[in-house]
Structure formats: structure tokens, C-alpha cells
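Thanks for coming, everyone. Please take a look at the structure on the screen, and then I'll walk you through a few parts.

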Amino acid sequence: MWIPVQIDENSAEPLYHQIETQLRSLIISGVIAEGTLLPSIREFAGDLKCSVITVRRVYQDLENEGLLRTRQGTGTFVSNVGEGAREDYKRDAVTKALETAVDVAHSVQCTREELVELFKEIVERKYTGQE
């Protein structure tokens, strides 16, 4: 199975974190369905052109979170993700992104009013498809 994960080698974010974040999002959003057999660690590392150790760490972290389960000799599968977990993840992801945006705005002396207006413009543009 091909998994739509994109790595930015120029990013300061570690590779394992880029992969883990994207894979977590794909699982929680339901893009990768419950019960889906993921590629082997070696196969996925080859697809991403990264270390087997990196992918092993991602799989272990997501298994520890309960998003993946591994069956010896069979492979790694996507676990059942409840609706509550989906909502929690969505809220946490958006909250973190907004907090970062507010921190950046504050650091460049953007006023609250300017930030709110900019946010409204971006939301309008993104949700009406005027990009």
C-alpha cells in the first residue's frame, strides 16, 4: 500500500516527526481505514528513502498511542480510532497551529484586531476555494 507521506528534507523538523505527524493524521482522519495493513518497516523506509530505524520509531510511537497494532509474522495494522479520539486530535492539532500563529503575530507586533481580520480573510479564502 502506498501511503501519501511527504518528507521535506530542508525542514528543521526531524524526519521521524514529519512521518509520524502525517501518518497519525491519515489514521485519525480515516484516510487510512481501520484494519489496513501498513507496509513493512523496510518497505516503507524504502518508499520514503529514509532509515529503517526512523520508520520503526514511528510505528512504535503510534502503536504506543494505540493507533497501530502489530501481529508477529503478519504485519502492522491500523487500530480502531473512536470518534472521541478523532475530535480530540482535531482540536489539539488546530489549537497548536493557532497558538503558533498567535505567537508569531505577537512577535511581529501584530495587534489583536489585525490578527482577527487576517484570520477571517484566510478562513474565507480557504473555505470558498479562492486560492
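**Helices and a hairpin**

Start just after α4, where Gln-109 takes a positive phi of about 60°. A quick word on the labels: helices (H or I, at least four residues) and strands (E, at least two) are DSSP runs, numbered from the N terminus.

This is a predicted model, so local features need pLDDT of at least 70, side-chain atom pairs count only at pLDDT 80 or more, and totals for chains, interfaces and linings use all residues. Residues are numbered from 1 along each chain as its sequence is written, and side-chain values use heavy atoms, with hydrogens and water left out.

Now α4 itself. It covers residues 83-107. Its 25 residues should span 36 Å at 1.5 Å a residue, and its end C-alpha atoms are 36 Å apart, so the two agree. That expected span is 1.5 Å times one less than the number of residues.

Which residues of α1 meet α4? They are Thr-21, Arg-24, Ser-25, Ile-27 and Ile-28. On the α4 side they meet Ala-85, Arg-86 and Tyr-89. Contact here means heavy atoms within 4.5 Å.

Last stop, the hairpin. Strand β1 (residues 68-71) and strand β2 (residues 75-78) run antiparallel, joined by four bridges. Strands pair if DSSP finds at least two bridges between them. Leu-68 stands opposite Val-78 in β2. Three residues lie between the strands, and in this hairpin Gly-73 takes a positive phi near 80°.

Terms used
Axes fitted to C-alpha atoms, helices over the stretch in contact; angles between N-to-C directions.
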